[in-house]
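Please open the structure in your viewer and keep the selection tool at hand.

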Amino acid sequence: MAESDRDDLISIIEESEDFKDLPDVLPLLPVRDVVIFTDMLLPLFIGREKSVRAVEEAMAQDRFLFLATQKQPGLENPKAEEIYQVGTVGRILRMLKLPDGRMKALVQGLGRARIIRYVRKKSYYRVKIELLEEEPTKAADLEIEALMRNVRESSEKILALRGELTNDVGTILESIEDPGRLADLVASNLKLKIEESQALLEMVDSQERLKKVNELLSREVDLSSMQAKIQSDVRDEISKSQRDYFLREQVRAIHRELGDLDDKTQEVDEYRKKCKKARMPKPAADEAQRQLKRLEQMHPEAAESTMIRTYLDWLVEMPWQKATKDVIDIPKAKEVLDRDHYGLAPVKDRILEYLSVRKLNPKMKGPILCFVGPPGVGKTSLGQAIARALKRKFVRISLGGIRDEAEIRGHRRTYIGSMPGRILQGLKQCGTNNPVFMMDEIDKLGYDFRGDPSSALLEALDPEQNSEFSDHYLNLAFDLSSVMFILTANLTDTIPSALLDRMEVITLSGYTEDEKQDIAEAYLLPRQLKENGLKPGQLTISGGALRQIITEYTSEAGLRNLERELGTICRKVARKVAEGGKKKFLVTRGNLPKLLGIPKFFPEMDQEESQVGLATGLAWTQVGGEVLYVEVSLFGGKGELIVTGQLGEVMQESARAAMTYARANLKAFKVKETVLDNLDVHIHVPAGAIPKDGPSAGIAMATALISALTRRPVAKDVAMTGEITLRGRVLPIGGLKEKALGGLRAGIRTIVMPEKNRKDLTELPAYVKRKIKFVPVVHMDQVLAVALEEAPIAPAARKGRAKKPQPVENAGQ
């Protein structure tokens with residue numbers, strides 16, 4: 001400030017201490033974000049049109065104007081009610097016009113005043129004011145003296161914490177004797193909110209104002225102390241880090257001079273050697289080098305350095321170029337497959353075909369095989385045999401119950417504890433990029449909000465895409481085209497169609513009794529003897545006893561329960577041997593119940609004789625084929641149909657179709673056409689606790705119903721499978737091989753089947769075709785001719801096809 005301006009201001013204040021000579025009408029200058037106190041010197045930038053005119057009006061007269069704070073700083077043109085009523089009378093000490101039309105003015109507050117009314121509002125505000133006189137304070141009051149001293153000390157402490165305390169500041173604070181002026185000076189330099197500053201400005205009592213300033217100073221001292229402490233801690237931490245880094249660099253330089261390497265340099269050099277040894281493709285090698293540079297520049301104890309080390313470990317340990325050499329000897333491979341598994345000719349032929357093509361074309365892509373069959377038929381062990389035949393590593397993972405897509409594709413590296421998916425984990429564990437990779441239970445995949453794993457498998461199991469399989473963790477392409485994927489499932493219904501389309505499905509049906517006996521003698525019994533510590537000569541099971549175990553103690557398509565029963569016999573014999581008993585044991589049909597208890601199943605039919613209203617059907621399940629009994633009972637009623645046995649919608653529709661067919665042909669069966677008007681029909685399929693569904697029970701239901709209406713029994717050793725239409729036609733079904741094996745286990749000797757399934761007889765073993773007589777039919781009349789012991793008289797219109805059909809001779813030839 002110019003010396004002349006300071007002298008002029010001082011002379012004005014001294015000459016009119018109570019502002020009696022000031023005009024009572026002054027231009028109003030609304031200010032934003034600041035409250036101007038008495039004796040406060042402040043530069044202002046004026047840009048609003050009304051404010052510019054108010055300053056020009058003040059400069060044209062005596063340079064006085066009234067400064068008041070607007071309530072909302074964001075308002076460009078505040079109204080009268082949006083400006084505080086109490087403000088400060090100020091004088092413009094210096095004014096400068098800027099090139100852009102704005103003004104820069106230096107103003108100083110002279111005294112408090114209140115707006116009485118607005119004299120002018122159009123071009124700029126002119127207000128009539130009333131000066132606010134401070135209440136006089138008692139001289140040498142101890143409380144005031146103590147407050148002033150406390151305010152001075154707190155102000156000096158705050159300035160010292162900020163590093164702004166000088167001797168001149170202390171002198172100025174000591175020179176002020178008036179409590180009001182001291183309060184205004186300190187308040188103008190505190191970082192207060194507008195509301196707090198305005199409240200101080202409106203306090204007329206200087207003692208109360210000083211108390212309030214003292215309270216605000218105490219809070220500011222605490223805030224400044226905490227801020228200084230935080231800044232000091234940060235500076236200390238930075239200084240310590242810089243010091244540690246400097247010392248480490250010195251140690252590293254000393255090691256270099258001595259020819260030694262520090263731990264970090266050794267680690268980085270070791271990773272470089274591993275990267276070179278891994279023979280990665282160029283994108284992976286570039287990514288590894290980029291991560292190595294980051295690790296080299298990073299603090300060893302940084303959290304991210306651990307993530308980088310883990311990522312580099314995965315990169316260098318993946319089998320990018322490591323592969324086992326295929327030993328393709330077709331006769332030797334056939335010998336291995338025959339030694340480990342009995343039967344399964346279609347599967348073995350497919351494997352030998354693959355090996356033959358691979359021998360002629362070494363660059364062929366790996367097939368995607370899917371073994372579908374009931375539990376216990378050897379799907380998983382067959383994959384192990386294939387690996388042994390190819391001299392490849394074997395990897396197995398179970399997909400049952402997996403619901404997270406990240407289990408297949410891996411987790412992204414942004415997550416803590418992230419890792420690659422199960423596919424790359426398996427390849428890392430086996431150490432080669434061309435193993436036999438088995439995925440069990442593909443039909444039991446699930447999905448939820450975390451993604452669909454079956455969709456993630458589409459890329460891995462597609463020979464056209466898996467050469468660049470991308471895992472979320474590695475985020476690099478990995479070649480899976482050399483991997484031989486083998487999947488297993490109990491059924492294909494739950495496998496998504498897009499995934500099923502990428503696989504070559506090979507069906508493994510259940511075993512016949514003869515096959516089970518051969519497998520038990522050649523594989524299962526020797527394995528159980530070895531596992532239970534018995535020598536081959538210590539336990540012998542006769543052929544009759546083994547056949548009885550198969551037929552009366554197990555009822556399954558596979559071999560698991562059979563092996564459990566053999567294991568039970570071996571454990572009981574092992575106990576007797578360990579107790580000092582005889583050294584050799586022979587198990588026959590006579591002593592078998594002593595070892596295994598009473599039989600659990602009966603190989604012959606449950607029904608001892610043919611019955612009216614009871615027909616035998618055949619059903620396909622996940623564990624193989626089974627017989628299905630259909631019972632029909634007639635009783636007094638209104639012609640309603642009752643279906644029980646927990647049947648699904650398809651079987652209920654078959655029951656209604658059978659009912660309609662029977663009702664439409666009552667006359668042909670020599671039954672009164674009105675008989676069902678007073679009878680209800682109840683169709684029941686045991687067991688009621690097991691859900692059942694499927695269309696193949698239609699002819700069995702119709703046969704049982706017609707048997708009940710005509711009172712003619714259904715032959716007990718005849719089973720049937722086929723879908724029925726309203727016209728009586730018999731439609732084809734699926735799973736004939738499994739159903740035939742299930743019927744054979746149950747003692748069935750004749751199976752009625754649709755004519756269109758004649759082609760499926762070629763897939764049946766010769767043993768089954770010798771034991772069971774297969775009768776293809778095209779119409780329900782032919783079914784009744786075979787199933788009912790006394791065939792009903794067919795209508796005249798059906799004489800040509802009511803003839804009893806003949807069994808297939810040499811089926812499948």
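Does D462 count as buried or exposed, given its relative accessibility? The model in view is predicted. Select D462: its relative accessibility is 12%, and because buried means under 20%, D462 counts as buried.

**First stop: R502 and D462**

The side chains of R502 and D462 meet in a salt bridge, with 3.4 Å from N to O.

**Second stop: E407 and R422**

Next, select E407 and R422, whose side chains form a salt bridge of 3.5 Å, N to O. This pair links distant parts of the chain: E407 is in helix α14 (residues 406-409) and R422 in helix α15 (residues 422-430), 15 residues apart. E407 is partly exposed at 30% relative accessible area, and R422 is partly exposed at 25%.

Now select R181 and D39. Their salt bridge has its closest N and O atoms 3.0 Å apart. Since R181 belongs to helix α5 (residues 179-189) and D39 to the loop between β1 (25-31) and β2, the pair ties together parts that are 142 residues apart in sequence. R181 counts as partly exposed at 46% relative accessibility, and D39 counts as partly exposed at 30%.

How many salt bridges does a search of the whole structure find? The search finds 31. A network of salt bridges can be displayed by selecting R112, D184 and R209, which it links.

Select residues 41-46, which form strand β2. Colour L42, L44 and I46 for the covered face, then L41, P43 and F45 for the uncovered one. Strand β2 pairs with strand β5 (residues 103-120) in the antiparallel sense, over six bridges. To view one position in this pairing, select L42 together with V107, its bridge partner in β5.

Select E145, E153, E174 and E177, which gather in a patch of negative charge on the surface. E174 is in helix α4 (residues 167-175) and is partly exposed at 46% relative accessibility.

Finally, select M226, I230 and V234, a nonpolar surface patch with about 280 Å² of accessible area together. M226 is found in helix α7 (residues 206-258) and counts as partly exposed at 48% relative accessibility.

Notes: Residues are numbered from 1 along each chain as its sequence is written. This is a predicted model: local features need pLDDT of at least 70, side-chain atom pairs count only at pLDDT 80 or more; totals for chains, interfaces and linings use all residues. Side-chain values use heavy atoms; hydrogens and water are left out. Patches are made of residues with over 30% relative accessible area and no salt bridge: like charges are joined within 9 Å, nonpolar side chains (Val, Leu, Ile, Met, Phe, Trp, Tyr) within 5 Å. Accessible areas come from the Shrake-Rupley method with a 1.4 Å probe; for residues, only the protein chains shown count as cover. A salt bridge is a side-chain nitrogen of Lys or Arg within 4 Å of a carboxyl oxygen of Asp or Glu. Helices (H or I, at least four residues) and strands (E, at least two) are DSSP runs, numbered from the N terminus. Buried means under 20% relative accessible area, exposed over 50%, partly exposed in between (1.4 Å probe, protein chains only). Two strands pair if DSSP finds at least two bridges between them. Lys and Arg count as positive and Asp and Glu as negative; His and the chain ends are not counted. The place of a charge is taken as NZ of Lys, CZ of Arg, CG of Asp or CD of Glu.
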